[in-house]
Amino acid sequence: MWAIIKKEVKTYFLSPIGYVFIGIFLIAFSISFYLELMYTGGRVQFNYIFTYLPTILSFAILIPLLTMRTFSEERKSGTEQLLLTSPISITKIVIAKFISAVIITLIAIACTSMFLIIIRCFGTLDITAALVTIFGFILLSMAYISIGILASSITENQIIAALITIITFVATWVLPEFLQTGASFSLINMFSKFTTGQINIAYTVTYLAFTVLCLILTITVMQRRKSAK
Amino acid sequence: MHILNYIRGGITLIEVKNVTKKYGNFTAVDNISFDVKDGEIVGLLGPNGAGKSTTMNMITGFIEMTDGEIIVNGYNISKKPSKAKKQIGYMPEGVPSYQELTAKEFIKYMSELKLVDRKIRKEQVQEVIKQIGLEEVQNKLIKNLSRGYKQRVSMAGALVGNPDVLILDEPTVGLDPKQILEIRTLIKELGKKHTVILSSHILSEVSQICDRVVIINNGKIVAIDTPENLEEKSKNKNILYVTVEDKAEKMSSLKDKVKDIQELELVKDNEDGTKQYKVVSEENIDLRKKMFEVLPKEDITIFELKKAEVSLEDAFMKLIGDKNERNEEKEVEQQGNSKDEEENKETKLVENSIEQDQNLRKENIDKNTENQTKSEKQEKGGEE
């Protein structure tokens with residue numbers, strides 16, 4: 001399993017995807033930081049940077065970029081045959097792919113810590129709220145990555161995989177606007193509760209359950225495909 | 001090699017028992033059974049779309065069979081996939097590999113996927129690189145390698161971890177004659193230490209490399225035998241090709257004069273006025289002497305007379321031809337029974353594909369004979 005994680009993370013940085021991901025995310029985050037700076041007149045709060053549109057939007061577009069290739073590309077290039085005929089089980093393969101995408105996201109999130117330092121030096125930093133927000137953002141990323149991986153296991157076309165992922169995400173984003181009960185399905189809505197600086201156990205469990213569900217579905221899809229191929 | 005097989009005890013490494021694979025209503029592989037003994041090189045032979053790759057994909061556990069079971073070195077591939085897969089090194093069709101890695105990185109990754117012990121990993125990767133002859137290109141990106149090297153890298157990926165069984169799907173497709181020869185030598189070399197199953201639609205290849213041949217057509221096994229035996233089996237007729245100048249048109253009455261002739265058929269009407277005939281007789285009767293005696297008396301001038309060589313190609317064509325004829329008969333019956341238009345369309349399609357197949361096969365055979373003569377020449381050249 002470690003072999004796959006190592007290789008996947010390495011491939012993210014052998015191709016431009018890894019750099020593009022981290023780079024664009026940081027640019028968007030900086031823009032959000034600037035907006036927060038303008039809005040609050042200098043009293044920036046780290047946790048609110050995450051709620052600005054540039055951050056969310058770049059996140060919505062970048063995660064599919066990361067996940068779209070996981071299984072689609074392997075299938076298209078035929079390397080899926082190498083992977084699935086190795087002694088490593090499908091469950092481990094799916095988890096390894098998931099972990100490697102999460103690692104890239106963690107690197108990007110870790111890079112945002114420079115803003116923590118800036119705020120610490122030039123303003124007042126609410127470290128608890130900041131950490132809770134980062135925790136929530138990691139949960140949100142995990143849930144979103146798991147959607148992406150599921151989409152990638154369904155199709156061998158990367159673009160379609162990315163589109164499915166974005167559409168699912170946007171759907172859970174705008175659903176509450178149209179449907180009252182939709183609010184409980186909204187990944188973003190749940191995240192906004194974390195930015196207040198309080199860990200919400202119910203939402204934490206929901207995020208994790210959502211992630212596990214998507215991964216189990218991915219494993220099922222891969223196993224089903226074995227007999228349908 | 002044959003004697004070696006007996007010495008190595010003939011332990012059955014792979015058992016394929018009544019395996020069927022269906023895609024909806026289409027049966028890709030239909031109830032096939034065969035086994036592969038330790039140390040054998042077995043060739044799966046058949047036209048494109050016969051079910052070779054499907055069979056291999058089932059043995060390697062890439063796809064699940066609809067019915068039946070496959071046992072690799074004592075492990076059932078469906079029930080104990082991890083252990084069974086560990087016994088196998090697989091080189092899929094089209095030699096997929098990670099283009100963005102270097103040859104060495106790829107082989108190392110494959111060794112990690114195959115759970116090779118960390119302590120011996122480095123050593124083993126180097127060993128395989130040396131064995132396959134990749135030292136010069138080991139640090140190049142796979143996407144920059146030539147087709148021949150890509151093939152080798154993929155084969156190295158299959159070989160690393162020292163599996164008992166090597167499964168190579170169409171190992172020589174897309175290579176030039178020199179590379180084909182090299183890969184064949186390599187496979188023969190590997191066959192000394194490993195059990196090899198390879199698939200091919202190239203007959204000369206299989207007859208050169210393999211100890212046993214499994215001929216598959218339309219998802220069914222047509223024959224399992226050694227290449228020599230298969231050639232022997234198709235040798236039940238003696239065929240002569242004779243080119244003559246026959247101004248008096250007496251050739252057609254030849255059958256009455258020479259009683260041993262079973263069949264006389266005009267093959268080609270040449271522009272220079274000569275005609276080529278095919279003369280068929282029983283296996284134990286050689287008509288060559290008689291032809292030289294009789295024809296001049298009839299005022300027929302012999303331009304050329306040659307005996308047709310019986311090869312594995314003939315055996316293959318014969319076996320597959322028989323099968324196709326039988327299938328066509330069945331289809332005709334079906335047509336008679338039901339007047340469903342769709343079914344008619346389907347059978348037409350099948351017939352077309354059979355025709356196309358046969359054309360393709362003919363082309364392949366032509367190419368093969370060319371390749372064979374070329375490689376033979378090269379071999380001779382090398383010996384000198």
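In the predicted model, Lys226(A) forms a salt bridge with Glu64(B), the closest N and O atoms being 3.6 Å apart; a salt bridge is taken as a side-chain nitrogen of Lys or Arg within 4 Å of a carboxyl oxygen of Asp or Glu. Between chain A and chain B the count is three salt bridges. Eight residue pairs are in polar contact across this interface, both residues being at pLDDT 80 or more. A polar contact is a pair of N or O atoms within 3.5 Å; within protein, one must be able to donate a hydrogen and the other to accept it, and residues adjacent in sequence count only if both atoms are side-chain atoms.

This is a predicted model, in which local features need pLDDT of at least 70 and side-chain atom pairs count only at pLDDT 80 or more, while totals for chains, interfaces and linings use all residues. Residues are numbered from 1 along each chain as its sequence is written, chains are lettered from A and ligands numbered from 1 in the order in which they are written, and side-chain values use heavy atoms, with hydrogens and water left out.

Chain A contributes 25 residues to the contact and chain B 27 residues, contact meaning heavy atoms within 4.5 Å. About 2400 Å² is buried between the two chains, and carbon and sulfur atoms give 63% of this area. Buried area is the accessible area (1.4 Å probe) that two parts lose on being put together, summed over both. Of the area that chain A buries against chain B, 28% is supplied by Leu82(A), Pro87(A) and Lys226(A), more than by any other three residues.

Chain B contains an open sheet of six strands in the order β6-β7-β8-β3-β9-β10, with mixed pairing. Strands (E, at least two residues) and helices (H or I, at least four) are DSSP runs, numbered from the N terminus, and two strands pair if DSSP finds at least two bridges between them. The edge strands are β6 (88-91) and β10 (220-225) of chain B, each pairing on one side only. From one strand to the next the twist averages 15 degrees; axes are lines fitted to C-alpha atoms, for helices over the stretch in contact, and angles run from 0 to 180 degrees between N-to-C directions.

Strand β6(B) runs parallel to β7(B) (residues 165-169), and four bridges join them. Gly89(B) stands opposite Leu166(B) in β7(B). Helix α6 of chain B (residues 147-159) lies across β6 and β7 of that chain, at about 165 degrees to β6(B).
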